[in-house]
Amino acid sequence: MQAMILVTAMLSLSAFCIADDSFVFLSFSLVAAALSGVLAQGVRPRRMPTIVAHSIIASLVAAAVVSAFIAGRPPGIEQVGFLCGTALVIKLFARHRAADERHVLALGSILLLVAALDATDVLAGLPLVIGSLLMPVCAAATWVQASTERAGAAHAALVPAGSLPVAFEPTTGAAPMRSWTGFAVASVIVTAVCASLVFLGFPRQGLDGESWSRTRTGGFSLRVSLASDERIEDSRTEVMTVRWIGPDGVAIEHNEPLHLRGAVFDRYDPISQSWQVPQQPRREYIDGAGEAFVPFVESGIDARFQVYRQVVQMRGLATNQVFSVLAPISIQAAEGTSVAFDQATMLLSGASSRIGEFDRYTVAVKPYASDRDMTVLSGGFIEPEAVPTFPVAGVRPLALDLWERWKPRGRTVPDVDEALRRPAARWERNRAVATALESALLSGEFRYTTDLGSIVRRRGEDPIVNFLSSSRQGHCQYFASALCAMCQSMGVDARVVAGFIALEYDAAQSQYIVRSSNAHAWVEVRTGDAQWTTFDGTPPMTLEALQAEQRSWADGLRWLWDPLNFAWTRHVVSFDVQAQAELVDRMASTREALARPVRATREAVDAIRQRLAETFSGLVGGLWLASIGMVLAASIVVAALLRVRRRRTEPLLGPDASPRERELTRHYLDALRVAHRRGAMRRAGMTPLDVAAELAQRSPDAAAHLRSVVESFYAVRFGGQPATAERCSAAARALSALQGVRTP
Amino acid sequence: MRRRLSYRPALGGLVFVIGVLVLVLAVVWRPSNLLIWAVGTGVGMIVVSGLASGAMMMALRVRRLVPRDARLGQPLMLRYEVRNASWFWPAFAVSIRESALGASQGWLVSLGPGEQSMVERAWWPARRGEVQLTDVIAQSSFPFGLVGKRVTWRQRATITVLPRVVRVPAPRLRALLDRGPAGQRAASRPGHGEEFFGVRDAPELTSLRDVAWRRSASREQLAVIERASPSYPRLRLVLNLSEPTASLAGRVPVGVDARQREEDAITMAASLASSAVALGHEVSLRVHGLPCAAMPAAGGVRHLDRLLVQLAKLDLDAPRTTAMVSGPGDERSATVVIHPGRIDPSVGGPAAVHQSAAQLQGLASRHGGAS
């Protein structure tokens, strides 16, 4: 039981540490826990004194309180988790009594709850689920142990002074471990069933916004925020695979990285230092049709030329976003699903809030769509807004500085006034400015980094200004934000796009592998009436180098792990009200499916009854029916007699007797019955041979036959002799002779 | 045997339920599916608690085995036959106790389905007399201590708590018995003693020494003398409780409990009787002052048991009488009169040995004295 408590504690530690990405703490704590199992629970246990353990824990708590007081804010839930984890490890070394075990379990429960708040990965979820199922068993075990200790102490306290001491002897049954195992299994099953029912039936809301972002995995987020200086996702988790199929139907590697769009942001909020999504989406809803592609617009797009297909298989990321290269024109999605197509941003997403609904889909795209195609897709010409501006004033001078240095030489770029008068000039200017600023960012003056901890930022300084003026380093969101901000400050229609960039092409499988670390942000600039062109200020060589640097042997196993993670995210982490509704529908259909064979059986019975009624009507039918009834009754009587005969022999020979032994026993019983009819009644205390002796007074011959049968039976029953065929037939002959003898 | 099931809410259970409710609030505040799973686990624990504890307790059958008499100052082991009638649920951590006997309990750690076991519990009687056992109670809070469940069986029985007995050293006892006209006497049955019992026909002569010559001569037929069986010395115990406790309280020294003195007197009587019977003496008992039948002199363990039960049943709260208990006189026995307080020489006759309850400790020691 102590081993099970240790395992549960280790599962709690694992769940918390993995959920919190604290792998160093995980390593130390697991090693310490295993060590405690060897030291404190071994043959010669060496345990830490309780006072020492409690002193250390009290010191840790005091230190946490003091540091929280100095910091001026209460400790976060992670700090509580670390504190509990450390206390748990210390208590593992100081397990003396049942109370210590209960402390370990209580701390483990807190760790599980903290893990439940943040765990989205299956690696954290599985230990959490297993630990939570083992927790009741461990709690029950410690309860038994603690209450037994209490009973012993109470017993010792009750002994009067000077009286004879009586040892406290708890009673156990014959097989306590078997009983306990049975209880433990039943307890786990009942707990799992209850937890599943609560999990399925708990009232939920749809997962969106903040809730959704908590369930995310895979680096992609519906927010682009520069407020945090945390390290961005660099996990090698496979998010999806993308097969890029050319116009000739062959899977190929595209001539440039695929920018798989997932979200678009067009306004910057300097307060929250994050980009905001467009406020007026224009959504069209398209229902999936199974194998067939469903176009987003009825007509107007020439789907014969330059149409590529991207086949997406989601692996580690469950989301309701549909990732696609610009510009999608049709989609092949499962029947019953519904896709929302935003004409303003050309973004695709699941129409419901059901996370992970689109685990496999194919989108037909025209990466080189004409302005006409884009106009059709957008639902017509979109009137451009007035000259865009950027809300942070410090960006424009920096943008102008870069523009002056990187503007095209030898050709004239329309100015803002001309751009306002003439749309074509506006698009031309947009392209020129964006190209120049992109070149500036790619020039090498700006460095790509995922670790923002070393960047010094003055209080109140906007992160984009900081990036452009002083730090000049950041990750893709900084590059994209800076490019978009500079473009907007110079009156260029630009927007930030978030999604994934597909860099890693697996030639053997003819598909791109998109990983969590491939989450990316870039910029789209309006270069036509409905045309948007991608500009990426992040140095691509850096991204590829980073990708190559992060490769490891474990990537080869991710195909195994990542689908499991995807299923976990889809079915557990993102289980929401839509999924509940689907479940109810599925249960209703299952009930219907189960009712169908019952109905069919009932109909078949009705048909047979009808047929029988037709067949057995009239005199002949009655005779048939009576004959069948008699046969049936006779069969039942015979079966009952056989059953009675079999049951007669069981008390004498047991259920494992051979057929011959049964036959011999029947002869023996029959012989005694015949003797009874002949007047030799077997009274209490009489042996069968006594009966034979009494019968001998009436008929010596009959007594001899009876004795013969009885001795045959004795030889088998008590003498260990086999019930041979000869013996059986001899007994049968003696029995028939006994039946034939006439007594006076 | 009537069974009754009752529930006893526990503080731990209340805290646990509140904790689960807090978890529910946490889920509402910050939706997380794994937190919902944690809530479900909590609900599962409550269900397991109800199922395990309820099914377990409903399937238990407890039967008290009729206890023998208890003795004051010594533990009595009460035994219970516990059977788990369930086909599936084992029973764990069940305490078994008596409603009439305080906090002492028997402890059953585990009992598998269909199993039967014997649970023992020790009980230290606090006072002499009869104890009425009414209910056997099985109680458990297994598996998590959320709700206590208690099953009560109505099983009436009576235990007689015999008075405390201290060992009286044999020399000390002999010193008491040798006083007065106690001694050897002939029993009214033939045996191998020295006393004459009678004559009988002697078909075969065994010893010339036994021949009753005169009778043989007169009958012209050989007769032999038959000897009487030797009899053990007799001890006549007289317990003088004629003085009420309240009256006695004024006579005992300050700081001494009069009721305790009376109990000491009973203890002394029981101790003398036990020690005398152990030495083979016959003991009779008379109690003055309380309604108690006089017990004739007899020896043996059964007689001693009866005598001790008689002493155990003495109700010191009953009204006292001053009339002396009349019983068959026996001049050939040592008489010991035991007084709770001051010695009254008028009781027990002139040859009686008088003992005060205050002398109990001295009587138990080897060098104690008697008045």
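Let's start with two helices of chain A: the axes of α10(A) and helix α14 (residues 476-489) come within 9 Å and cross at roughly 95°. Here an axis is a line fitted to C-alpha atoms over the stretch in contact, and angles run from 0 to 180 degrees between N-to-C directions. Angles of 65 to 115 degrees count as roughly perpendicular, under 35 as roughly parallel, over 145 as roughly antiparallel and the rest as oblique. α10(A) and α14(A) are therefore roughly perpendicular to each other.

Before going on, please note that this is a predicted model, in which local features need pLDDT of at least 70 and side-chain atom pairs count only at pLDDT 80 or more, while totals for chains, interfaces and linings use all residues. Residues are numbered from 1 along each chain as its sequence is written, and chains are lettered from A and ligands numbered from 1 in the order in which they are written.

Back to the crossing helices. α10(A) contributes V395(A), R396(A), A399(A) and L402(A) to their contact, and α14(A) contributes A485(A), M486(A) and S489(A). Two residues are in contact if their C-beta atoms, placed from the backbone, lie within 7 Å. The residues of this contact divide into 5 nonpolar, 1 polar and 1 charged. Nonpolar means Ala, Val, Leu, Ile, Met, Phe, Trp, Tyr, Cys and Pro, charged means Asp, Glu, Lys and Arg, and the others, Gly among them, are polar.

Now look at G394(A), in the loop between α9 (371-378) and α10 (395-406) of chain A. Helices (H or I, at least four residues) and strands (E, at least two) are DSSP runs, numbered from the N terminus. The C-alpha atoms of G394(A) and S489(A) are separated by 9.5 Å, although these residues are 95 apart along the chain. Leaving aside neighbours within four places in sequence, G394(A) is in contact with D462(A) and V465(A). Is G394(A) buried or partly exposed? It counts as partly exposed because it has 17 C-beta neighbours inside 10 Å. A residue is buried with 20 or more other C-beta atoms within 10 Å of its own, exposed with 12 or fewer, and partly exposed in between, with C-beta atoms placed from the backbone.

Chain A has 22 helices and 21 strands, and of its 744 residues, 39% count as buried.

Where do the chains meet? In total, 53 residues of chain A are in contact with 46 residues of chain B. On the chain A side, α5 (98-118), α6, β1 (171-172), α7 (176-201) and α16 (558-573) are the elements that give two or more residues. That side divides into 35 nonpolar, 15 polar and 3 charged residues. A strand pairing also links the chains: 2 bridges join β1(A) to strand β6 (residues 105-111) of chain B, and the two run parallel. Two strands pair if DSSP finds at least two bridges between them. In this pairing, T172(A) stands opposite S110(B).

Finally, visit strand β16 (residues 334-339) of chain B. As 6 of its 6 residues are buried, β16(B) is largely enclosed by the rest of the structure. A334(B), V336(B) and I338(B) point one way from β16(B), while T335(B), V337(B) and H339(B) point the other way. β16(B) pairs in the parallel sense with strand β13 (residues 234-240) of chain B over 5 bridges, where I338(B) is the bridge partner of L239(B). β16(B) also pairs in the parallel sense with strand β17 (residues 353-356) of chain B over 4 bridges, and V353(B) is the bridge partner of V336(B).
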